[in-house]
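Here is a short briefing for a reader meeting this structure for the first time. Take a look at the model, then work through the points below.

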Amino acid sequence: MTATTTAPEATTHRTARPSALPRRRSRLPFSPWHVLLAPLALLFAVPLIWLLLSSVMSNAEINRFPPALWPSGIDFGGYRYVLGNAMFPRWLLNSAIVSAVAVTSNLVFGALGGYAFARMRFRGSRTLLVLMLATMAVPFQLTMIPTFLVMKRLGLIDTLGALIVPSLVTPFAVFLLRQFFLSLPRELEEAAWIDGCSRLRVLCSIVLPLARPALATVAVLTFLTTWNDLTWPLIAINHDTQYTLQLGLTTFQGQHHTRWSAVMAGNVLTVLPVLLAFLFAQKAFIRSVTSSGLKG
């Protein structure tokens, strides 16, 4: 009896012994991935840091060889030259108008198109979706001349309309919002339909409030693309009163003389809104990217 009763106890002790051992915990106060990501983040931040430092240098320091890595003194001559330019406020206003209209239109049309592709089934919907996504693979250099001819036929060349109309809606905005709408449960919409809500009411009252991360992502990416665009304004705009900020900064670079301090200061003022927009929306950006890939 003694042998038979102690055998199960011995087996239970042998099975319970591994679970009783304490788990080894990492002694680092942060994730081990930070050891790899911190140097990479610093490496990517070096150009921005050098841009900030060179914006407070004099032209002699910037043109010196080898280039100075640290300013000998703070010189705001570049900022005074940029802000003292009579056209700079006009360029800033033009960029703000074009970016604001592009962001608003992409949110509206992207939400309507994305919801239609996500929830409505009509003849040729998948073919239309594939054709729309295929346009994302076409480089802008191939559509540049046809776009210019269309804008010329509409009489929009050398106006802000030539910059706004081609950016009213993008396939990426429609696709990203469609993917996010697919991840939302249908039960919420079906309950609203039972209560008598139309599709547009369901989209505005139920779907869009839940899609704030995706909407913020579309807004930030559209703003970044439109704000930093230089190629298309360089083709469609001729008069300096219609210049955007990026196009206006090119006037600081001449064939024989370039005010590099003004160029650096202007680039700092141009990059600052983009950085602020991304910092305010980075959490929504991450949530949108992680959730929009749940269902295809």
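**Briefing: surface, core and contacts**

Trp 33, Leu 36, Leu 37, Leu 40, Leu 43 and Phe 44 make up a nonpolar patch on the surface. Together they have about 710 Å² of accessible area. The model is predicted.

**Surface patches**

- Leu 40 has a relative accessibility of 39%. Buried means under 20% and exposed means over 50%, so Leu 40 counts as partly exposed.
- Arg 199 belongs to helix 11, which covers residues 199–210.
- The relative accessible area of Arg 199 is 37%, and this residue is partly exposed.

**The largest nonpolar core**

- In soluble globular proteins, nonpolar side chains tend to be buried together.
- Here the largest nonpolar core holds 33 residues.
- Val 82, Trp 91, Leu 163 and Phe 252 touch the most other members of this core.
- Seen by element, at least two core residues come from each of helix 4 (77–84), helix 5 (88–119), helix 8 (161–164), helix 12 (212–227), helix 13 (231–236), helix 14 (245–249) and helix 15 (260–291).
- Helix 15 is the top contributor: six residues of this core are in helix 15.

**Salt bridges**

- Side chains of opposite charge can pair when their charged atoms come close.
- How many salt bridges does a search of the whole structure find? The search finds two.
- One joins Glu 189 to Arg 119 through their side chains, at 2.8 Å from N to O.
- This pair links distant parts of the chain, with Glu 189 in helix 10 (residues 186–194) and Arg 119 in helix 5, 70 residues apart.
- Are Glu 189 and Arg 119 buried or exposed? Both are buried.
- Asp 75 and Arg 80 also form a salt bridge, and their closest N and O atoms are 3.9 Å apart.
- Asp 75 has a relative accessible area of 28% and is partly exposed.
- Arg 80 is exposed, at 57% relative accessibility. That value is over 50%, so the residue falls in the exposed class.

**A positive phi angle**

- Which residue other than glycine has a phi near 70 degrees? Asp 158 has this positive value.
- Asp 158 is in the loop between helix 7 (140–153) and helix 8.
- With a relative accessible area of 24%, Asp 158 is partly exposed.

**Pairs along the chain and in space**

- Ser 58 is in the loop that runs between helix 2 and helix 3 (59–63).
- At 22% relative accessibility, Ser 58 is partly exposed.
- Between Ser 58 and Pro 71 there are 8.3 Å in space, C-alpha to C-alpha, and the two are 13 residues apart in sequence.
- Leu 131 lies in helix 6, residues 125–134.
- Leu 131 is exposed, and its relative accessible area is 53%.
- Leu 131 and Pro 171 are 40 residues apart in sequence, while their C-alpha atoms are 9.9 Å apart in space.

Definitions and conventions
Residues numbered from 1 in each chain as written. Predicted model: local features only at pLDDT ≥ 70, side-chain atom pairs only at ≥ 80, totals over all residues. Heavy atoms only, no water. Helix = DSSP H or I, 4+ residues; strand = E, 2+ residues; numbered from the N terminus. Buried < 20%, exposed > 50% of the residue type's maximum accessible area, 1.4 Å probe, protein only. Patch = residues over 30% accessible without salt bridge, like charges linked within 9 Å, V, L, I, M, F, W, Y side chains within 5 Å. Areas by Shrake-Rupley, 256 points an atom, 1.4 Å probe, with all protein chains shown as cover. Salt bridge = Lys/Arg side-chain N within 4 Å of Asp/Glu carboxyl O. Core = buried A, V, L, I, M, F, W, Y, C linked by side-chain atoms within 4.5 Å.
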